[in-house]
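Hi,

Here is the structure I promised to pass on.

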Amino acid sequence: MARENLWLPYRQAQTAPAPQVATRTEGARIILEDGRSLVDGISSWWTACHGYNHPVIAAAVSAQLAQMPHVMLGGLVHEQACQLGGRLAAALPGELEHVFFSESGSVAVEVGMKIAVQYWLNRGVSGRTRFLSFRHGYHGDTFAAMSVCDPEEGMHRLFGELVAGQLIVDLPRNSTELTEFDKTLERHRDELAGVILEPLVQAAGGMKFHSPEMLAAIAETVSKHGVLLLLDEIATGFGRTGSLFACEQAGVTPDVIMLSKALTGGTLPLAATVASERVHSVFLSDTYEHALMHGPTFAGNALACAAANASLTLFETEPRLEQVAAIEERLTEGLAPCSGLAHVADVRVKGAIGVVQLDRVPDLDALRQAFLDEHVWIRPFHDVVYLMPPFVISEDELETLMRAVCRVVERWSRAPS
Ligand SMILES: Cc1ncc(COP(=O)(O)O)c(C=O)c1O
């Protein structure tokens, strides 16, 4: 197989080991070209919540493919997009009702930021063009999204000069820090379009958790200062933290929410930026200038919307949230042995996310190879080893993943690199 034409993500091609070749997926497994069957601990970047090849999603996509794979959303709509818009609005808390489709999480964030800036412009308020975001945050790899990522951990350090200068602060962890956050917002509110946050779990920036109480307090502070709250639920949405959306656990409804990843059950690229009635109403007027000027070619792709509708049906008809609760319980027990190991700084679990925090950055290639040798697909990054398995994973498969984590981390902890 010729691979040399592929420029692969997050990879130094000169030194990285050759990628594995996947040929098939099945339930919670990825099958490689050489026949090895790996238990998947990552759900393909946290997307495959129902496991792979779910027949309900496959049937919905096949039927849609036969009928109409895609039409532009400029001047046209279709049943799958309309149905999905309605179902998302019904599933989301509060008045999050206006659904803008795009095709990746980063673009959904770009759109959310554009909506926030234009919200103020449309209201005749100038100067509110910056965002406040948090250390350890990650919101994507396009330029506006990069600007709100952690400047150090967010993988975009090189572009410091080029990306918009945002206000990036520590996420408050206690009442003193919350007071500090309050003061910062007070000082900067007139230049801020919005505050953007991954609720409960800051994922790609280090798998850091915060409590629902702190999320609620942050949301209240943001609201007090009249700044828009944008919640990025691209990683946390669709059950991963134990509720359909993480913000529900804090009783928080943002002004704008961004969704992607598990939206289609991990089958096709689709993202949504959903705005509240209050935000959307400001875009209505008799001038074109007030409209949202954004329109990805594949916005609301009918195949992807069909997959997302089928995925929502699975959340209604199969016990996904119960499965997440069971995974949370098992992860808490199964990863506990790691917490006593040398060079393990912390072990934490939230919903179907289990994290072993190391006290240093290991030789990631060596660790990843060690997991492959255990026949599991686990990809530690920076200083964390984590599991985010498909919710349908069997007990045995989950045991296999946790045993592999404990074994590999234990070996590493005796001779940390
Ligand atoms: C919270 C969050 N926001 C945005 C993104 C970017 O999504 P995408 O990779 O689809 O552009 C990610 C991807 O990991 C994410 O975890």
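Strands (E, at least two residues) and helices (H or I, at least four residues) are DSSP runs, numbered from the N terminus.

Before going on, a word on what you're looking at. This is a predicted model, in which local features need pLDDT of at least 70 and side-chain atom pairs count only at pLDDT 80 or more, while totals for chains, interfaces and linings use all residues. Residue numbers start from 1 along each chain as its sequence is written.

Back to β12, which spans residues 271-276: six of its six residues are buried, so the rest of the structure largely encloses it. In a regular strand, side chains alternate between the two faces of the sheet.

Which strands pair with it? Two strands count as paired if DSSP finds at least two bridges between them. Strand β4 (residues 96-102) runs antiparallel to β12 and is joined to it by six bridges, with L96 opposite S276. Strand β11 (residues 256-259) also pairs with β12 in the antiparallel sense, over four bridges, and there V256 has A275 as its bridge partner.

The loop between β11 and β12 holds K261. Phi of K261 is near 45°, a positive value in a residue other than glycine. K261 counts as buried because it has 28 C-beta neighbours inside 10 Å. You'll find a positive phi at L200 too, near 70°, and L200 is not a glycine either. L200 sits in the loop between β7 (192-197) and β8 (201-202), and with 29 other C-beta atoms within 10 Å it is buried.

Strand β14 (residues 353-358) has five of its six residues buried, so it is largely enclosed by the rest of the structure. It pairs antiparallel with strand β13 (residues 344-350) over six bridges. These two make a hairpin with two residues between the strands, where G351 takes a positive phi near 55°. Strand β16 (residues 384-387) is antiparallel to β14 as well, joined by four bridges.

Leaving out residues up to four places away in sequence, V356 touches L335, C338, V344, V347, V384, V385, V405 and V409; touching, or contact, needs C-beta atoms, placed from the backbone, within 7 Å.

The C-alpha centres of the two domains lie 28 Å apart, and their contact takes 12 residues from domain 1 and 16 residues from domain 2.

**The ligand**

Around the ligand there are 14 residues, the closest being G105, S106, G140, I234 and A235. A residue counts as near it if its C-beta atom, placed from the backbone, lies within 6 Å. Helix α4 (residues 105-122) supplies the largest share of this shell, three residues. By type, the shell divides into six nonpolar, six polar and two charged residues. Ala, Val, Leu, Ile, Met, Phe, Trp, Tyr, Cys and Pro count as nonpolar, Asp, Glu, Lys and Arg as charged, and the others, Gly among them, as polar.

**One more pairing**

Strands β2 (residues 29-32) and β3 (residues 37-40) run antiparallel, joined by three bridges. β3 also pairs with strand β15 (residues 376-377), this time in the parallel sense over two bridges, with W377 as the bridge partner of D40.

Cheers

Conventions
Contact = placed C-beta atoms within 7 Å. Domains from an automatic or database assignment. Buried ≥ 20, exposed ≤ 12 C-beta atoms within 10 Å, placed from the backbone.
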